[in-house]
Structures are given as structure tokens and as C-alpha cells.
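Open the model in your viewer and keep the sequence panel beside it.

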Amino acid sequence: MVTFLPTRPGRLADVPSFQRAIGGAESNVACALAAFGHPARWVSRVGADGFGDHLVERIAGYGVDVTAVRRDPGRPTGVYFRTAGDRGTGAHEVAYYRAGSAASAMSVGNVDLTAARAARVLHLSGITAALSAECRELLYELTAPGSGRPPVSFDVNHRPGLWRDGEGADVLLELARRADIVFVGEDEAAHAWGVTGGPAAVRRLLPEPHVLVVKEGARGATAFTRDLPDGTFHPALHTVVVATTGAGDAFAAGFLSAALRGLPVKARLRYGHLFAAATLTTPGDLAAPPDRDHADRLAALDDGAWERLRLGPGWTRAERAEEEANIP
């Protein structure tokens, strides 16, 4: 989708102008991975319109392969507007305009399945499943077991407002159980499935994925694997939060980046937190991660230095950010 960000805080009714940006869970992940040096492909549909041109050009600008993106001459590119307030506040508003959009019409018959499956990891989002019955069937097809299926990464991304038929919780649970790597917020699990009792309770509900990451907000995240059945927790970074939108996508990209590099689980969680911090400290849905040398240096800090780290706006562009001044 094309995202419109407010030029000042306030209700949507009061904001006089907006700045155009790009948004979308899967494309956010692809852009962050490509910006960090990984080959990434985005498979989707956009309208044959100016907003579609903007999305394809901007996403390609991050280094993402967009050759499998198809243009729909009969449906527009989706757009959405949001306020400057974070999702956690009552002042936060989002206005989606994607009913009947090109992306909502994705189906098994009009998406390049070969391109989607030709990857080391295929990343999907529960948001796509909520867009239409056709999108839901597409995700069932892509997560179906089979010899030609790559490992599937699935971000639950529970958005109750997008599910009009009341089936969202069951659909998301089924898709998560079919995936190899799953990302879910502790709060999402409680809202969607009524799971309380912390990350271990979520793992009991979802024993199937090889890797389950339960995000615990500003506290941190816990990862479960076959070798770590009890899970391992790692704290998040202290950041000056500008906006939270897109931070979950960034976390997934950081975690997947470290997994693709063959790094251990603790490092995967650290890269997830670093990528999330890049987005948390910017107003948009998407922020380029720090360069690889910078990220590698921070990820290698000892536990004490990691917990002392303070990151604010602009930290990814500084060779040694001011907020890191207290790090030995």
C-alpha cells in the first residue's frame, strides 16, 4: 500500500496535509533484508496507476527484485492514512482504503507461485489472509506441505478490524501451525486465541513450528526452537520511540537476516531488536537498518553493554551514535 503520514499530530479530521510513503508488512520485510545485503524478492499485485508506479519504484530502490509484481488494470493500488499517535494510545487512527484493491484480489491463479517458492525462506503475513477469501486460499496454497515448498516464515499480524467474518483467529492459528518460523506478539496471542500465561503458554498452543518467536513489547522477545524447548529470552533495546508502526516487520527482517547468516538464536533476537530500533526511531512504517558493520558491532556487545545501550533518532546513520557514548 501507499501510506500517508501526517505532517503534524492530531485527529485525521484536523491534519491538513500528509507525506507519501510506502507500507505493507511483507514489502517492509523485503526492503529491510535487501538494504542489509540479502537478495529479496517481493511478489504481489498493484494497480496500473501512479501509486502502483511509486510502490514498485521505491521498493526496487531498496534493492528488492520486483519482477514478479503484476499490475492490475481494473483495480487500484491500496492506500491508507494514519495519525502520528502510536498504536498503543487511544488517539491512534488508521483509515484503510484497500477494499477492491489490486492486492486484495491476489489469488492462486494470478500470482507467480514459482517466483514465490524460489527462495531460501518465504515470508507471509496474516494481514494478507484477511484481505479476501482469494488471498486466504493463496496463503493456504503457499503453506501447504510439499517437496517444492521452501521454509515458511509467518508473522501472525492479527488485525481484528480486517476480519469481517469472525474467522480470523482460527485462520491465523491454522496458518501458524503450517509454518516453520512464526512471529507473534504476546498481546496478539491473548486477543486472538485467549492465551495467557506468557510465552510458554503460546508455545503450548503452537508446538508445530520449528521456531516460534513471542514478542513481549518493550520488554523483549522469547524464541523457542527444537534445541531450546524452554525458550530463550533476550531484552529489547532502550530506544526513543517516534512511532511503533512497522517495528514488528523490522524485527522479523532482523531475525530472518541472522538466521540466513547461520547465526545462533541469541544473535537472531539481537538483530531483530536492532532492526526494530531502526524503525521505532523514525516516523514512517519502514526504515533502513544500520549498515552491516555497525549492526555486527552492536550485536557483539556483552550483555551489560547491550542493556546500557540507548538509541535515538538518527542512530543508524552515525558511525558511532551519540547514544552509544557510554558503551566501552
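Below are the stops, each with a selection and what to look for there.

**Before you start**

This is a predicted model, with local features needing pLDDT of at least 70 and side-chain atom pairs counting only at pLDDT 80 or more, while totals for chains, interfaces and linings use all residues. Residues are numbered from 1 along each chain as its sequence is written, and side-chain values use heavy atoms, with hydrogens and water left out.

Helices (H or I, at least four residues) and strands (E, at least two) are DSSP runs, numbered from the N terminus.

**Stop 1: helix 5 and helix 6**

Select residues 133-143 for helix 5 and 168-178 for helix 6. Two packed helices are described by the angle between their axes and the distance between the axes. Here the axes come within 10 Å and cross at roughly 20 degrees. Axes are lines fitted to C-alpha atoms, for helices over the stretch in contact, and angles run from 0 to 180 degrees between N-to-C directions. Helix 5 and helix 6 are therefore roughly parallel (angles under 35 degrees count as roughly parallel, over 145 as roughly antiparallel, 65 to 115 as roughly perpendicular and the rest as oblique).

The crossing is left-handed (the near helix is turned anticlockwise from the far one by less than a right angle; clockwise is right-handed).

Now show side chains. From helix 5, pick Arg 136, Leu 139, Tyr 140 and Thr 143; they meet Val 171, Glu 174, Leu 175 and Arg 178 of helix 6. Contact means heavy atoms within 4.5 Å. By class, this contact has four nonpolar, one polar and three charged residues. Ala, Val, Leu, Ile, Met, Phe, Trp, Tyr, Cys and Pro count as nonpolar, Asp, Glu, Lys and Arg as charged, and the others, Gly among them, as polar.

**Stop 2: helix 9 and helix 10**

Select 247-260 for helix 9 and 265-280 for helix 10. Their axes come within 7 Å and cross at roughly 145 degrees. This crossing is right-handed. Contact residues in helix 9 include Phe 251, Gly 254 and Phe 255; those in helix 10 include Tyr 271, Gly 272 and Phe 275. The contact divides into 13 nonpolar, five polar and one charged.

**Stop 3: helix 10 and helix 11**

Arg 270, Tyr 271 and Leu 274 of helix 10 touch Ala 295, Asp 296, Leu 298 and Ala 299 of helix 11. Here there are five nonpolar, no polar and two charged residues.

**Stop 4: the cavity**

How many cavities of 30 Å³ or more does a search of the whole structure find? One. A cavity is a set of points on a 1 Å grid over the protein atoms alone where a 1.4 Å probe fits but cannot get out; lining residues have an atom within 4 Å of a point. The largest cavity holds about 30 Å³. Select its lining: Asn 28, Val 29, Ala 32, Gly 246, Asp 249, Ala 250, Thr 279, Asp 285 and Leu 286. Helix 1 (25-35) and helix 9 each supply at least two residues. The largest share, three residues, comes from helix 1.

Note on methods: 1 Å grid on protein atoms, 1.4 Å probe; cavity = no way out; pocket = protein on both sides within 12 Å on 5 of 7 lines; lining within 4 Å. Points joined across faces, edges and corners; volume = space filled by probe spheres on them.
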